[in-house]
Amino acid sequence: MDSTDLLNALQKEARKISNEDICLARAAVVDSVQDLPEKYRKAYSSDYFTYLYEAFQELRTCKTSDKAEPVDDEEHRDLLTRISQQNNKSNPRQRAFLRFVAVVIPYLALVAKRTIHPPGMIFPGGLMITSQGGEYYCPVRNKQSGVELALCDFCKCRDSEELKGEL
């Protein structure tokens, strides 16, 4: 498969996601952050969901490019498997969220080649995704690598520790 084929498939799936599904997905995000401190609640429930929603809108209107790049089918399947294994699928909000991210995350990671979390997003400890020299750096990238359900292995970000070696 190439990036144009994947884009077309994701756009077809995106057309099946209703406004109600998006509202339920947003509610799932709000539900999932209730126990976090306020500043992280906003980052995850508002900033992160806005980033995903904007990517969803972009995906729906994106035109195919002449520069189709190969997409590793196994990587795509692994990404979808990890997404499908997330949380409680019996909850309608969670099911809507999983359908939503099963379209948006592959678009960000495999087609648009952008970060999975928005640049500037704050993580516990006050650390955030930064950009330097056209590269993105994440403070938790390597800490999540190898975690069975984490999606970090698919993200364009490099680990923030790499910045220390470049200074």
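Trainee: Which residues does Leu36 touch, not counting residues up to four places away in sequence?

Mentor: Leu36 touches Arg41 and Tyr44 once residues up to four places away in sequence are set aside; contact here means heavy atoms within 4.5 Å. Before going on, note that this is a predicted model, in which local features need pLDDT of at least 70 and side-chain atom pairs count only at pLDDT 80 or more, while totals for chains, interfaces and linings use all residues. Residues are numbered from 1 along each chain as its sequence is written, and side-chain values use heavy atoms, with hydrogens and water left out.

Leu36 sits in the loop between H2 and H3. Helices (H or I, at least four residues) and strands (E, at least two) are DSSP runs numbered from the N terminus. With a relative accessible area of 31%, Leu36 is partly exposed; buried means under 20%, exposed over 50%, and partly exposed in between, with a 1.4 Å probe and protein chains only. Pro124 is 88 residues from Leu36 along the chain, yet their C-alpha atoms are separated by 9.6 Å.

Tyr44, one of the two contacts of Leu36, is also among the buried residues of H3. H1, H2 and H5 are included in what covers them. H3 itself has 24 residues and reaches 34 Å from its first C-alpha to its last, close to the 34 Å expected; the expected span is 1.5 Å times one less than the number of residues.

Rings of Phe, Tyr and Trp (its six-membered ring) pair if their centres lie within 6.5 Å; planes under 30 degrees apart count as stacked, over 60 as edge-to-face, and the rest as tilted. The count by this rule comes to three aromatic pairs. In one of them, Phe49 and Phe100 have ring centres 5.4 Å apart and planes at 25°, so this pair is stacked. Phe49 belongs to helix H3 and Phe100 to helix H5 (residues 92-111), so the pair ties together parts 51 residues apart in sequence. Both residues are buried: Phe49 has 7% relative accessibility and Phe100 has 1%. Phe100 also pairs with Phe56, this time tilted, at 5.2 Å centre to centre and 50° between the planes. That pair again links H3, which holds Phe56, with H5, which holds Phe100, over 44 residues. Phe56 is buried as well, at 0% relative accessibility. Phe49, Tyr53, Phe56 and Phe100 form one aromatic cluster.

Next comes the wider packing. A nonpolar core is a set of buried Ala, Val, Leu, Ile, Met, Phe, Trp, Tyr and Cys residues joined through side-chain atoms within 4.5 Å. The largest one has 44 residues, and those with the most contacts inside it are Leu52, Phe97, Phe100 and Ile105. Helix H1 (3-14), helix H2 (19-32), H3, H4 and H5 are the elements that give two or more residues to this core. The most comes from H5, with eleven residues. Phe97 touches Ala25, Ala28, Val29 and Leu52, leaving out residues up to four places away in sequence.

Cys62 lies in the loop between helix H3 (38-61) and helix H4 (73-84). Cys62 is partly exposed, at a relative accessible area of 25%. Beyond its neighbours within four places in sequence, Cys62 is in contact with Leu7, Gln11 and Tyr107. Asp2 lies 60 residues from Cys62 in sequence and 16 Å away in space, C-alpha to C-alpha.

As for disulfides, each defined as a pair of cysteine sulfur atoms within 2.5 Å, the structure holds zero. Cys152 is in none; its nearest cysteine sulfur, that of Cys138, is 5.8 Å away. Cys152 counts as buried, at 13% relative accessibility. Cys157 is in no disulfide either, with the sulfur of Cys155 nearest at 3.8 Å. Cys157 is also buried, at 2%.
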